[in-house]
Amino acid sequence: MTKTSFKRGVVAGLTTGMMMGGAALAQDCTTKIGAVLPTSVDWGKPIAATAQYAVDLANEAGGVAGCKVEMVLRDSQVDPKVGVDAAKALVDLDGVQMLLGAVSSGVSMPILTSVTVPAGVMQMSCCSSSTAFTGLSQEGKTKGLFYRTFATSGVQAAVGAMVARDQGYKSVAILYKNDDWGQDIGKLVAKDLEALGISVTGSVAINDAQPSYRAEVTEALKGNPEALYMAIYPKEGTSVVREWLSLGGTQNMIVANALKSDEFRDNVGLQYLGNTIGTDTASPRSESASAFVSQYTAKFGSEPNGPGLSNSFDATMIGLLAMEAAGADATGTEIAAKVASVTDPNGTPITADAAGFSKAKEVLAGGGTVFYQGATGNVRFDDNGDVSAPAVMWSFTETGTEETQYISLEEVDAFMASVK
């Protein structure tokens with residue numbers, strides 16, 4: 001038994017003997033969860049803040065399994081080595097049994113394979129979309145420990161191809177980040193474009209932190225494409241687009257949600273992004289999703305416009321609910337096994353707030369199951385820990401981004417089936 005476990009057991013025993021309530025108990029002991037998120041980049045900070053908000057709501061409801069929750073946050077720096085080191089510290093030093101993270105698939109994957117699975121720790125990602133995770137699960141290598149609240153790369157790739165079709169583009173060049181996520185979505189969008197009869201003139205990998213991307217951009221410009229598809233991050237994206245435009249590339253650009261960034265817009269210049277159409281997964285048009293927008297706006301003073309915010313909230317809340325269902329001192333394997341109990345379509349519906357968390361505690365304590373109604377709707381995982389989702393197209397504005405088209409889950413699924 002760890003020192004932390006021993007301390008929890010002593011406190012729980014004393015508190016039970018004194019017949020104190022759950023709220024009082026939550027003040028007397030603390031249980032930790034880990035988070036490896038990219039807080040050193042502008043778009044990563046709100047993702048972490050949203051996760052902390054979910055923790056605060058759970059604590060407002062009396063904590064988890066009788067204890068106050070502390071989220072120990074470490075910065076991934078969007079770097080696989082840094083992310084793995086951060087995750088190891090959270091597991092080995094802080095003793096967490098549930099870890100949130102990471103954002104990019106290229107960071108989440110090595111954390112999963114070298115840290116959480118070997119240690120038996122549950123990993124819940126808000127934003128990793130590579131289909132490689134699905135394959136790993138199908139091979140039994142995730143051991144049921146990995147879940148994500150963000151749809152696979154297949155959704156954004158399909159919608160990117162849909163944009164090209166709707167805009168009438170006959171040829172497209174692809175620039176993708178050279179990691180698990182970028183390689184995955186780059187391959188998928190190329191397949192979908194070609195299935196639509198759209199020529200892919202070139203597909204070029206972009207590595208981090210290069211002093212220049214002139215060679216890569218020059219390669220992508222071969223064939224004189226009518227449009228450019230990009231699945232890269234804001235820092236490299238800024239340099240790439242500057243090179244692209246300076247060498248005469250088109251302003252017809254399709255971008256994945258990683259470029260849904262004020263930093264990217266401001267550094268490139270809005271005047272050059274007028275023909276840019278972005279893609280993203282979306283929350284369904286449901287009461288619970290609207291309620292999240294309202295409560296997020298009340299908390300932070302603005303609507304959740306950045307990437308991954310609703311997904312971060314749901315990942316955290318579902319993870320905490322699973323911890324509640326698993327009970328005090330549960331292992332990562334035991335927590336992961338309870339995810340089905342808190343996302344059960346036949347369970348008691350609960351809202352994504354402190355009141356909903358309190359209700360869930362009562363139902364779970366009575367041996368029942370609950371159906372979490374979250375920021376991304378009624379979250380349901382398949383056997384691989386994956387979710388499906390609607391999608392949106394968006395454009396840059398002076399104050400951020402705005403949605404230009406909503407694509408329902410049925411429309412997304414139908415389109416993806418048509419290009420198989």
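**Cores, helix packing and aromatic pairs in the predicted model**

Glu303 counts as partly exposed, since its relative accessibility comes out at 49%, in what is a predicted model. This residue is found in the loop between α12 and α13. Leaving out residues up to four places away in sequence, Glu303 touches Val293, Tyr296 and Thr297. Arg74 is another matter: 229 residues separate it from Glu303 along the chain, and the two C-alpha atoms are 25 Å apart.

Tyr296 is buried, at 5% relative accessible area, while Phe300 sits at 31% and so counts as partly exposed. Both belong to helix α12 (residues 287-300), where four residues, or about one turn of the helix, lie between one and the other. Across the whole structure, a search turns up eleven aromatic pairs. Tyr296 with Phe300 is a tilted pair, with 4.5 Å from centre to centre and 40 degrees between the planes. Ring pairs also tie these two into a cluster with Tyr53, Phe292 and Phe313.

Next comes the packing of α3 on α13. Helix α3 (residues 44-60) meets α13 at an angle of about 35 degrees, and the axes are 8 Å apart. The crossing is right-handed. On the α3 side, the contact is made by Pro46, Ile47, Thr50, Ala51, Tyr53, Ala54, Val55, Leu57 and Ala58. On the α13 side, Leu309, Ser312, Phe313, Thr316, Met317 and Leu320 take part. Sorted by type, the residues of this contact come to twelve nonpolar, three polar and no charged.

Two of the α13 contact residues, Phe313 and Leu320, turn up again in the largest nonpolar core. This core has 97 residues, and those touching the most other members are Ile33, Leu193, Tyr229, Phe313, Leu320 and Tyr372. Helix α13 (residues 309-326) supplies the largest share, nine residues. A second, separate core has 23 residues, among them Val204, Ile206, Trp244 and Val392. In soluble globular proteins, nonpolar side chains tend to be buried together. As for Tyr229, its contacts beyond four places in sequence are Gln156, Gly160, Val172, Ala173, Ile174, Leu175, Ile185, Val189, Ile254 and Ala256.

Thr276 is a polar residue with a buried setting. At 2% relative accessibility, Thr276 counts as buried, and its place is the loop between α11 (262-268) and β10 (277-281). Setting aside residues up to four places away in sequence, Thr276 touches Gln251, Met253, Val255, Trp394, Ser395 and Phe396. Two of these, Trp394 and Phe396, are both buried. They also form an edge-to-face aromatic pair, with centres 5.0 Å apart and 90 degrees between the planes.

The peptide bond from Gly101 to Ala102 is cis, with omega near -5 degrees, and Ala102 is placed in the loop between β3 (98-101) and α5 (105-119). Val78 is not a glycine, yet has a positive phi of about 50 degrees. Val78 lies in the loop between β2 (68-75) and α4 (80-92) and counts as buried because its relative accessibility is 13%, under the 20% cut-off. Lys143, also not a glycine, has a positive phi of about 55 degrees. Its loop runs between α6 (132-138) and β5 (146-148). At 60% relative accessibility, Lys143 counts as exposed.

Definitions and conventions
Residues are numbered from 1 along each chain as its sequence is written. This is a predicted model: local features need pLDDT of at least 70, side-chain atom pairs count only at pLDDT 80 or more; totals for chains, interfaces and linings use all residues. Side-chain values use heavy atoms; hydrogens and water are left out. A nonpolar core is a set of buried Ala, Val, Leu, Ile, Met, Phe, Trp, Tyr and Cys residues joined through side-chain atoms within 4.5 Å. Buried means under 20% relative accessible area, exposed over 50%, partly exposed in between (1.4 Å probe, protein chains only). Contact means heavy atoms within 4.5 Å. Axes are lines fitted to C-alpha atoms, for helices over the stretch in contact, and angles run from 0 to 180 degrees between N-to-C directions. A crossing is left-handed if the near helix is turned anticlockwise from the far one by less than a right angle, and right-handed if clockwise. Ala, Val, Leu, Ile, Met, Phe, Trp, Tyr, Cys and Pro count as nonpolar, Asp, Glu, Lys and Arg as charged, and the others, Gly among them, as polar. Rings of Phe, Tyr and Trp (its six-membered ring) pair if their centres lie within 6.5 Å; planes under 30 degrees apart count as stacked, over 60 as edge-to-face and the rest as tilted.
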